[in-house]
Amino acid sequence: GAICRGFFVPSQPLMGKYGISEVKKMPADYGDALGEDRKDELSEKIMQIIVVDKKYRDRNYSASQLAYDTGTNSRYITAVMAERFHINYNGYVNTLRINEAMALLANERYRDTPVEKIGEMVGFANRQTFYASFFRFQNTTPREYRLQHLRPIARKRARKNKWESSK
């Protein structure tokens with residue numbers, strides 16, 4: 001055997017003795033195996049399922065499940081996501097989740113909804129993942145974002161009743 005680029009490469013007799021075959025280089029670009037029409041079709045299906053049907057909210061929905069639902073394999077999903085969306089599956093799903101979380105955090109109707117609950121509503125499995133993803137996208141925490149985008153509640157000053165006498 002010999003060392004090639006830091007890897008041990010067995011000699012031919014050794015390879016034959018142990019039934020080892022040489023590693024064949026396969027092109028990893030699965031996008032080339034798909035025609036443009038099929039890429040368009042998969043792009044539309046991905047948009048329909050992830051965005052329109054809001055599957056990004058399902059924390060258990062995976063790229064494998066998306067592949068199954070679109071009638072293809074996960075390698076093709078990966079290739080189409082990279083070429084047409086310029087992002088991987090997890091990045092795309094998290095972008096949609098963060099965008100919806102930002103809208104909810106800045107909405108008066110959700111003022112009293114705990115930040116962790118909003119994270120769950122948009123599909124994050126736990127508080128840590130939500131906060132880490134939110135910070136990665138926005139460079140601020142969800143709580144800070146909410147404080148920056150919601151007006152402070154106007155507090156009513158307590159007034160003395162004019163019938164009460166001050167002692």
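Select F124, F130, Y131, F134 and Y145 to start: these residues form one aromatic cluster. The model is predicted, so local features need pLDDT of at least 70 and side-chain atom pairs count only at pLDDT 80 or more, while totals for chains, interfaces and linings use all residues. Residues are numbered from 1 along each chain as its sequence is written, and side-chain values use heavy atoms, without hydrogens and water.

Rings of Phe, Tyr and Trp (its six-membered ring) pair if their centres lie within 6.5 Å; planes under 30 degrees apart are stacked, over 60 edge-to-face, the rest tilted. The count comes to 5 aromatic pairs. Show F130 and Y131 next: their ring centres are 6.1 Å apart and the planes stand at 85°, so the pair is edge-to-face. Both F130 and Y131 are buried (under 20% relative accessible area, 1.4 Å probe, protein chains only).

Move to F134 and Y145, with centres 5.6 Å apart and planes at 70°, hence also edge-to-face. This pair links distant parts of the chain, F134 in helix α7 (residues 127-138) and Y145 in helix α8 (residues 142-149). F134 has a relative accessible area of 0%, and Y145 has 10%.

Now select α2 (residues 36-52) and α4 (residues 74-85), whose axes come within 10 Å and cross at roughly 90°. The two helices are therefore roughly perpendicular (65 to 115 degrees). Among the residues that meet here are L42, I46 and M47 in α2 and I77, V80 and F85 in α4 (contact: heavy atoms within 4.5 Å).

Finally, display the whole chain: of its 167 residues, 31% count as buried.

Technical notes. Buried means under 20% relative accessible area, exposed over 50%, partly exposed in between (1.4 Å probe, protein chains only). Axes are lines fitted to C-alpha atoms, for helices over the stretch in contact, and angles run from 0 to 180 degrees between N-to-C directions. Helices (H or I, at least four residues) and strands (E, at least two) are DSSP runs, numbered from the N terminus. Angles under 35 degrees count as roughly parallel, over 145 as roughly antiparallel, 65 to 115 as roughly perpendicular and the rest as oblique.
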